[in-house]
Amino acid sequence: MSRPTRRQVLHVSAAALAGAALAAPVAFADTAAARPADGHGQAAGDGPSGGHEMPEPFDEMYEGRHIEGWPADEGGAQNGGHHSSGAHAGRHAGQAGPHDGMDFVVRIDNDDLHVMRNADGTWISLVNHYETFTTPRALARAAVRELQGADLVPVVIG
């Protein structure tokens, strides 16, 4: 029996590595780490309204970080809404605020986490841009895990 050439060994190794890289997301998809940490196991689009209703506000401590979220149309303290800092409360009518154009506000330790809703009703953030989540709460918890104690850097627009 002849010994394999170096080229044959490299091709077989490359094929095995590519196969493992392609199979890993499929194998990882049904693990506990891949499911949302807040227990919302249903996929976006499930449920009575197809996954497009506004999520519930939340305010909690998660892994030592204060996370909170609320619908952006609640407008902060000046409209009797949710947690507002002095920057929001001092705004005058007609001025653009930090949450204009956003559906839902998510904060980690009083710093805004920019979140976006996808067309299918899932949510993404600047921290987890290539991962989708069923709720902003699950997204905020994943961002806390991803930050690993680091501070959230504000996004400067304009």
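Visitor: Which residues does Ser 125 touch, not counting residues up to four places away in sequence?
Guide: This is a predicted model, in which local features need pLDDT of at least 70, side-chain atom pairs count only at pLDDT 80 or more, and totals for chains, interfaces and linings use all residues. Residues are numbered from 1 along each chain as its sequence is written, and side-chain values use heavy atoms, with hydrogens and water left out. With contact taken as heavy atoms within 4.5 Å, Ser 125 touches Leu 113, His 114, Val 115, Met 116 and Leu 139.

Visitor: Is Ser 125 buried or exposed?
Guide: Buried means under 20% relative accessible area, exposed over 50%, and partly exposed in between, using a 1.4 Å probe and protein chains only. Because the relative accessibility of Ser 125 is 0%, this residue counts as buried.

Visitor: Is Ile 157 buried or exposed?
Guide: Ile 157 is placed in the segment after α3 (136–147), where helices are DSSP runs of H or I with at least four residues and strands are runs of E with at least two, numbered from the N terminus. Its relative accessible area is 73%, and therefore Ile 157 is exposed.

Visitor: Why is the pair of Phe 58 and Phe 104 stacked?
Guide: Rings of Phe, Tyr and Trp (its six-membered ring) pair if their centres lie within 6.5 Å, and planes under 30 degrees apart count as stacked, over 60 as edge-to-face and the rest as tilted. The structure holds two aromatic pairs. In the pair of Phe 58 and Phe 104 the ring centres are 6.3 Å apart, and the pair is stacked because the planes stand at 20°.
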